[in-house]
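Please look at the sequence and the 3D model side by side. The report below walks through them.

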Amino acid sequence: EVHRASRGAWGGSYVDQNIKKLVERILGDKVSRKLTDNDWLRFTRQSIEKAKQSIVDDTDHVFFDVPNEMHTAISECGSSLEKAAKSVSGVKARRGRLSLDVKLVEDCFKESLDNISQ
């Protein structure tokens, strides 16, 4: 590394936190509180990182795999992935995954990119 990581609001972890906040908004407070730190860590490693790497110029939707723990928490709270997806415009549930309009995901990168370009 040329420069040591500064933990400022422009790195990959910051983007991950923004995506997590968006997913929490989709799932709702009840489901989000039911998930453990390990559930979120697994989601970050398996879904968020994979989704971030899938974004290219002509991408219109970004897919997030939903781990079994999330499916379980959603059903234990009396809901479904489909119902949760309908709570936010630009989100759909497809084959057990969340499909987000690329604009929603790009918004999670915006502040980070703005800070890099300053």
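The sections below go from the whole chain to single residues.

## About the model

This is a predicted model, in which local features need pLDDT of at least 70, side-chain atom pairs count only at pLDDT 80 or more, and totals for chains, interfaces and linings use all residues. Residues are numbered from 1 along each chain as its sequence is written, and side-chain values use heavy atoms, with hydrogens and water left out.

## The whole chain

The protein chain has six helices and three strands. Helices (H or I, at least four residues) and strands (E, at least two) are DSSP runs, numbered from the N terminus. Read from the N terminus on, the order of elements is α-α-α-β-α-α-β-β-α.

Of the 118 residues in the protein chain, 35% count as buried. Buried means under 20% relative accessible area, exposed means over 50%, and partly exposed lies in between (1.4 Å probe, protein chains only). Now take the contacts between residues at least 6 apart in sequence: 65% of them join residues at least 24 apart. Contact means heavy atoms within 4.5 Å.

## Helix α1

Helix α1 covers residues 12-27, which makes 16 residues. From its first C-alpha to its last it reaches 22 Å, close to the 22 Å expected at 1.5 Å a residue. The expected span is 1.5 Å times one less than the number of residues.

Which residues of α1 are buried? They are Val 15, Asp 16, Asn 18, Ile 19, Leu 22, Val 23, Ile 26 and Leu 27. Asn 18 counts as buried because its relative accessibility is 16%. The C-alpha atoms of Asn 18 and Asp 107 are separated by 8.7 Å, yet these residues are 89 residues apart along the chain.

## Where α1 meets α3

Two packed helices are described by the angle between their axes and the distance between the axes. Helix α3 spans residues 37-54. It packs against α1 at an angle of about 105°, with the axes 11 Å apart. Axes are lines fitted to C-alpha atoms, for helices over the stretch in contact, and angles run from 0 to 180 degrees between N-to-C directions. The two helices, α1 and α3, are therefore roughly perpendicular to each other. Angles under 35 degrees count as roughly parallel, over 145 as roughly antiparallel, 65 to 115 as roughly perpendicular and the rest as oblique.

On the α1 side, the residues in contact include Val 15, Ile 19, Val 23 and Leu 27. On the α3 side, Trp 40, Phe 43 and Ile 48 are among them. The residues of this contact divide into seven nonpolar, two polar and five charged. Ala, Val, Leu, Ile, Met, Phe, Trp, Tyr, Cys and Pro count as nonpolar, Asp, Glu, Lys and Arg as charged, and the others, Gly among them, as polar.

## The three-stranded sheet

Strands of a sheet pair through backbone hydrogen bonds, either parallel or antiparallel. Here the sheet is open, with three strands in the order β1-β3-β2 and antiparallel pairing. Two strands pair if DSSP finds at least two bridges between them. The edge strands are β1 (61-65) and β2 (91-94), and each pairs on one side only. Neighbouring strands are turned by 25° against each other on average, direction ignored.

Five bridges join β1 to β3, and Asp 65 stands opposite Arg 97 in β3. Four bridges join β2 to β3, residues 97-101. Here Val 91 stands opposite Leu 100. In a regular strand the side chains alternate between the two faces of the sheet. In β1, the covered face holds Val 62 and Phe 64, while the uncovered one holds His 61, Phe 63 and Asp 65.

Most residues other than glycine have a negative phi. Arg 95 is not a glycine, but its phi is positive, about 50°. Arg 95 sits in the loop between β2 and β3, and the hairpin of these strands has two residues between them. Is Arg 95 buried or exposed? Arg 95 counts as exposed, because its relative accessibility is 77%.

Thr 59 lies in the loop between α3 and β1. At 16% relative accessibility, Thr 59 is buried. Leaving out residues up to four places away in sequence, Thr 59 touches Ser 54 and Val 102. Ala 84 belongs to helix α5, residues 81-85, and is buried at 7% relative accessibility. Ala 84 and Ile 26 are 58 residues apart in sequence and 5.7 Å apart in space, C-alpha to C-alpha.
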